[in-house]
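Trainee: I would like to learn how to read strands and sheets. Could you walk me through an example?

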Amino acid sequence: MTRKTAIAVLFSGLLFVAAQTAANRPVMGTITGFKADTAEIQVKPDEGDAVFVRCGPGTMVQRVAPGEKDLKQAAPIQVTDLAIGDRVLVSFVAGSSDARRIVVMAANEIAKAKEADKQDWQKRGLSGVVTAIKGNEITLRSRSLTGEIISTITVGQKTLFRRYSPDSVRFADARISILADVKLGDQMRGRGEKTADGLKVAADEVVFGTFLTKAGVITAIDPSIGDVTVKELESGKPLLIRVTAESQVKRMQGFGGGMPGGGRPGGMPGAMPGGAAPGGAMAAAGGRPGGMPGGGMGMRPGGAPDMAQMLERIPLSKISDLKVGETIVVSSTRGASNRQVTAIMLLGNADMLIQMASATQARSAQGGLSLNGGGSMGGMTGGTGGLELPGMMQ
């Protein structure tokens with residue numbers, strides 16, 4: 001179980017306890033502000049609008065560490081120790097908006113736990129696209145700068161399976177699943193005992209899902225509600241992209257260049273600084289904490305970094321940084337609508353990446369450049385060259 005899953009499970013358990021001791025419905029979410037004059041805390045729930053919670057002399061505040069299963073190890077703290085970004089579970093005094101108890105996981109501790117979990121996925125994990133399932137062995141295909149890599153995940157009775165939910169971008173929403181639910185073409189990450197050559201894992205935990213990658217040119221942006229409308233490259237039809245707080249928005253810096261025969265609107269230069277190769281420019285991008293379960297999977301056998309790792313190193317951006325006329329690539333789960341998706345990752349200024357994928361596809365009968373470490377799972381053809389972005393983000 002990942003740290004994030006453990007946090008979700010813990011808070012779910014505490015939520016049940018709180019519900020038994022308070023008449024008002026408990027609130028679970030993230031601290032987004034304070035009102036010192038009225039001793040109120042603004043909490044943004046995971047679902048719904050922000051609420052203000054009033055603290056009084058009788059409010060009990062307790063801090064728990066990520067991964068704790070109950071309140072036995074909780075430490076009492078002061079309301080003034082709370083900080084923006086902390087995760088909290090608030091139960092109320094019956095019949096009022098006064099907080100009876102606030103259980104908090106500090107934002108910095110959550111960040112440390114996520115980073116530790118990410119490093120563990122890198123050390124003990126494998127990722128790729130499922131190409132074969134035989135008994136308890138799952139074969140994955142991934143890709144580094146030096147070519148294709150075939151690896152194997154072995155599962156057993158104790159292996160925990162989780163599958164991403166349709167129309168969800170959150171790993172926390174992944175449902176308990178079984179081996180029979182795994183399909184060819186799914187993205188998968190497994191973590192467990194890894195062989196010395198790095199090509200096989202006896203998995204304690206498996207995360208998988210069916211993801212799409214779409215590409216298009218932005219025709220409209222509404223940052224206030226997180227909507228980006230594009231003209232899809234493959235179909236020429238409009239596609240609505242919903243960008244949520246869980247989505248990752250990034251822009252490729254130093255990349256632009258015209259698409260063959262015309263150049264990208266916006267006048268981005270085609271040359272990369274110093275004449276660097278595309279892989280080198282991506283690898284030189286700044287590091288970013290967090291990321292997907294397994295993040296980039298680190299250095300692959302033979303010393304070649306995979307494409308997911310290179311994308312992970314690109315710093316986070318904002319929807320307000322995007323421009324009309326810019327080419328983007330977006331990953332999402334497969335949902336109910338073909339003309340609307342919720343972004344897992346949205347990558348802006350992506351012309352050069354699409355050109356790379358198209359060129360690779362033209363040279364190889366196996367498809368294009370795969371940025372999730374696998375093959376052409378999303379059905380992208382033509383101008384996108386089978387290009388894909390990572391789907392599993394932590």
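Predicted model: local features only at pLDDT ≥ 70, side-chain atom pairs only at ≥ 80, totals over all residues.

Trainee: What should I know about side chains along a strand?

Mentor: In a regular strand the side chains alternate between the two faces of the sheet.

Trainee: In what order do the strands S1 to S7 lie in their sheet?

Mentor: The order is S3-S2-S1-S6-S7-S4-S5, an open sheet of seven strands with mixed pairing. Its edge strands are S3 (51-54) and S5 (75-76), each pairing on one side only. Look also at strand S1 (residues 27-35) and strand S2 (residues 40-45): they run antiparallel and are joined by six bridges. Within S2, Val43 stands opposite Ile31.

Trainee: Where is the other sheet with S18 and S20, and what does "edge" mean there?

Mentor: That open sheet has seven strands in the order S18-S21-S19-S15-S16-S17-S20, again with mixed pairing. Strands S18 (248-251) and S20 (340-342) each have a single partner strand, so one side of each has no neighbour in the sheet. From one strand to the next, the twist averages 35°. Inside this order, strand S16 (residues 227-232) and strand S17 (residues 238-242) pair antiparallel over five bridges, and Val230 stands opposite Leu239 in S17.

Trainee: Now the loops, please. What is worth checking about phi?

Mentor: Most residues other than glycine have a negative phi. Ala39 has a positive phi, near 55°, and is not a glycine. Ala39 sits in the loop between S1 and S2.

Trainee: What about the phi of Asn349, and where is that residue?

Mentor: Asn349 is not a glycine either, yet its phi is positive, about 55°. You will find Asn349 in the loop between strand S21 (345-348) and helix H5 (351-363).

Trainee: Is Asn349 buried or exposed? And how does Ala39 count?

Mentor: Asn349 has 1% relative accessibility, so it counts as buried, the cut-off being under 20%. Ala39, at 36% relative accessibility, counts as partly exposed, because that value lies between the 20% and 50% cut-offs.

Methods:
Residues numbered from 1 in each chain as written. Heavy atoms only, no water. Pairing = 2+ DSSP bridges. Helix = DSSP H or I, 4+ residues; strand = E, 2+ residues; numbered from the N terminus. Axes fitted to C-alpha atoms, helices over the stretch in contact; angles between N-to-C directions. Buried < 20%, exposed > 50% of the residue type's maximum accessible area, 1.4 Å probe, protein only.
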